[in-house]
Amino acid sequence: MKKIINSILVMAFFISVTASAQENRKNAQGQREGKWTGYYEGTNNLKYEGTFSNGVEQGEFIFYADEPGKVIIATRNFSQGNGNAYTVFYDGKGKKMTEGNFLNKKKDGKWITYHQGGKNIMSEEYYVNGELHGLKKVFYPDGKMSEEINYQNGIQNGYSYHMLKMV
């Protein structure tokens, strides 16, 4: 019986070593390849996990808070390719805070920010090459419009409209 238990333990060890050896590896060109996991410096707290192909992020990456356990603080989906990463940021309770697209690590297109609790939209903004560009809308928690501001190349362009909320 003791030999069987020892054999099982040895097999489990080799399986775990083989599985971990397949993570965080590089190809012949020195590029990240396959599944990668990162940890916060000086801790055993998982920072991220995702997959690379020839040094390029593939599919979904998950990012975690610097604390024990796996508290998700962001996801980034690289499925579109070409430097696109649809990103969602979460609060510590798993509620959406902000979501939108990054193109080559800069905000691009429509971004939505939520009021606390992640249900109602607080603002809707449009970006081009990391700068606000277009109409920014701000909403009260009940969904009524609070403000509209137009931006061009990151600079307010024209008037801003503030809507007073009647109580």
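Q: In this predicted model, which residues are in contact with E125, leaving aside its neighbours within four places in sequence?
A: E125 is in contact with G109, K110, W111, L132, L135 and K136. Contact here requires heavy atoms within 4.5 Å. E125 itself is found in strand β9, residues 121-128.

Q: Why does E125 count as buried?
A: Its relative accessibility is 10%. Buried means under 20%, so E125, at 10%, is classed as buried.

Q: What makes the link between the side chains of E125 and K136 a polar contact?
A: The distance is 3.2 Å, and the cut-off for such a pair of N or O atoms is within 3.5 Å. The E125 and K136 side chains therefore qualify.

Q: Which polar contact joins the side chains of E125 and Y127?
A: That contact is 2.8 Å. The value lies within the 3.5 Å limit, so the E125 and Y127 side chains also count as joined.

Q: How many aromatic pairs does the count come to?
A: The count comes to 7 aromatic pairs.

Q: Why is the pair of Y48 and F61 called stacked?
A: The ring centres of Y48 and F61 are 6.4 Å apart, with 20° between the planes. Pairing needs centres within 6.5 Å, and stacked means planes under 30 degrees apart. Y48 and F61 are both buried.

Q: What makes the pair of F52 and F61 edge-to-face?
A: F52 and F61 have 85° between the planes and lie 5.3 Å centre to centre. Edge-to-face applies over 60 degrees, so the angle of 85° puts F52 and F61 in that class. F52 is buried, as is F61.

Q: Which residues form one aromatic cluster?
A: The cluster is formed by W36, Y48, F52, F61, F63 and F78.

Q: What is the volume of the largest pocket, and which residues are closest to its centre?
A: The volume is about 270 Å³. Of the 16 lining residues, E57, R76, F78, A85 and K105 are the closest to the centre.

Q: Which elements give two or more residues to the lining of the largest pocket?
A: They are β3 (46-53), β4 (56-64) and β6 (84-90). The largest share, 4 residues, comes from β4.

Q: How do the residues of this lining divide into nonpolar, polar and charged?
A: The lining of the largest pocket has 8 nonpolar, 5 polar and 3 charged residues.

Technical notes: Residues are numbered from 1 along each chain as its sequence is written. This is a predicted model: local features need pLDDT of at least 70, side-chain atom pairs count only at pLDDT 80 or more; totals for chains, interfaces and linings use all residues. Side-chain values use heavy atoms; hydrogens and water are left out. On a 1 Å grid over the protein atoms alone, a cavity is a set of points where a 1.4 Å probe fits but cannot get out, and a pocket is an open set with protein on both sides within 12 Å along at least five of seven lines; lining residues have an atom within 4 Å of a point. Grid points are joined across faces, edges and corners, and a volume is the space filled by probe spheres set on the points. Ala, Val, Leu, Ile, Met, Phe, Trp, Tyr, Cys and Pro count as nonpolar, Asp, Glu, Lys and Arg as charged, and the others, Gly among them, as polar. Buried means under 20% relative accessible area, exposed over 50%, partly exposed in between (1.4 Å probe, protein chains only). A polar contact is a pair of N or O atoms within 3.5 Å; within protein, one must be able to donate a hydrogen and the other to accept it, and residues adjacent in sequence count only if both atoms are side-chain atoms. Rings of Phe, Tyr and Trp (its six-membered ring) pair if their centres lie within 6.5 Å; planes under 30 degrees apart count as stacked, over 60 as edge-to-face and the rest as tilted.
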